[in-house]
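Here's a quick briefing to read alongside the model.

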Amino acid sequence: MGRIAEGSSDAFRDLYSRYASTAAGLAHRVIGDPVLAEEVVQDVFMSVWRSASAYDAARGSVRSWLLTQVHHRAVDVIRREDAERRRSLRQPEPVPSDPTDEVVEDEWLRARRADMRLALRTISDDQRQVLQLAYFDGLTQTQVSERLGIPLGTVKSRTLAAMLKLREALSGAER
Amino acid sequence: MNDHVEIQEAIAAYVTHSLDPQERANTEHELLEHLPGCPSCTALLRDLRELAGDLALIPDARRVSETGEARVMTAVTGTRPESAVRARTAWPRAAAGVVAIVIAASAVLNVIVVSRSHQDEARARAALQAIALVSDPRAQHAVLQGPSGSLAMSVLPTGKGVLIAQGLASAPSGSVYELWLAQDSRYVPVRVFSPDNGDVVLPFTAVAGQYTGAAITIEKGYVTQPTRAPSYSGSLTA
């Protein structure tokens with residue numbers, strides 16, 4: 001990130017090559033619209049270029065910093081665009097039919113992805129459902145509470161429990 | 001929010017972006033007060049923030065279009081990061097704004113420490129953090145001019161910022177002030193606030209991004225689009 005902050009477009013291109021497809025996968029999962037998802041990815045990467053000096057290594061990895069921005073932006077978009085309406089109007093996705101078929105990922109990222117998916121299996125169905133609605137469907141905790149018909153306090157405690165369990169599951173698989 | 005478990009739940013909600021803007025602003029304020037004195041919650045925030053980033057790995061990766069990549073790379077090739085530009089050119093211009101805002105923050109801190117030190121330790125800490133923030137070389141600054149004086153505001157590229165004022169009149173009965181960041185003609189809501197005996201030391205965290213200005217409107221409560229013309233406004237400069 002230091003090289004990017006100094007204006008190295010080569011370093012920026014490396015960052016883009018490494019994470020753009022993961023960012024696109026996340027944005028598409030949250031927004032459900034390939035065009036808007038790609039706009040989010042472009043916006044975030046351009047923002048990263050402009051304000052690379054904002055990255056603080058003490059607060060976490062570049063990967064997490066970048067993907068957190070993608071998620072936050074995607075959630076903003078879906079809340080603004082009215083998620084249900086957009087999903088109901090969603091057109092068939094143009095390309096690619098198998099989104100992974102042309103994605104080339106480095107080995108580390110592929111392995112970390114596998115670790116995360118394994119860790120997700122360690123949490124209860126109730127916890128996974130709350131995390132799914134909040135993180136991947138972009139609902140607020142209040143909306144999750146209404147959707148599931150459970151108290152807001154239960155949503156809060158399940159979310160924390162899910163995150164702590166995931167952290168524990170991943171602690172043995174740190175890469 | 002003082003209970004430790006409540007703070008931990010708030011951290012989990014915060015890092016998964018599952019709060020509405022007002023809840024998020026309130027949570028940030030509460031974390032800002034709690035974290036400096038709590039290493040365990042600070043560590044939890046770091047861990048769960050990292051974990052939330054890695055949740056992004058669960059969906060399948062998705063190929064980005066060549067058009068999109070070309071658009072990003074073209075934009076990048078034609079510009080330089082702000083840090084690279086600012087490092088060479090901006091200090092003299094930034095200095096006056098930083099000095100003015102640090103003086104404003106110091107004045108508010110002085111009032112808090114001298115006259116109300118027993119009740120307002122949290123506010124004193126917030127003011128100290130505000131001074132650190134406005135002194136950050138990455139910060140942009142604005143002086144928001146209005147009918148009864150001005151407010152000072154600083155914001156980092158991360159979206160973290162602070163609004164500072166003294167002697168601000170209360171909003172009309174049943175109304176609150178709402179702070180907005182401007183991206184050209186688009187207003188992004190930040191949070192609502194009310195002055196405390198005229199004083200404002202308002203830490204906030206907005207969506208990270210490039211903002212051109214800031215404004216304050218008077219609203220009946222938190223809204224996502226301004227319903228009135230700004231009472232205070234100003235441009236952000238480095």
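Helix H2 of chain B covers residues 21–34, which makes 14 residues. From first C-alpha to last, H2(B) reaches 20 Å, close to the 20 Å expected at 1.5 Å a residue (the expected span is 1.5 Å times one less than the number of residues). Helices here are DSSP runs of H or I with at least four residues, numbered from the N terminus.

**About the model**
- This is a predicted model, where local features need pLDDT of at least 70 and side-chain atom pairs count only at pLDDT 80 or more, while totals for chains, interfaces and linings use all residues.
- Residues are numbered from 1 along each chain as its sequence is written, and chains are lettered from A in the order in which they are written.

**Burial in H2(B)**
- B:Arg24, B:Ala25, B:Glu28, B:Leu31, B:Glu33 and B:His34 are buried (20 or more other C-beta atoms within 10 Å of a residue's own, with C-beta atoms placed from the backbone).

**The A–B interface**
- 65 residues of chain A are in contact with 50 residues of chain B (C-beta atoms, placed from the backbone, within 7 Å).
- On the chain A side, H2(A) gives the largest share, 12 residues.

**Nonpolar cores**
- The largest nonpolar core has 63 residues (a core is a set of buried Ala, Val, Leu, Ile, Met, Phe, Trp, Tyr and Cys residues joined through C-beta atoms within 7 Å).
- H2(A) supplies the largest share of this core, 11 residues.
- Apart from it lies another core of 39 residues, including B:Met153 and B:Trp180.

Notes: Contact = placed C-beta atoms within 7 Å. Helix = DSSP H or I, 4+ residues; strand = E, 2+ residues; numbered from the N terminus. Buried ≥ 20, exposed ≤ 12 C-beta atoms within 10 Å, placed from the backbone.
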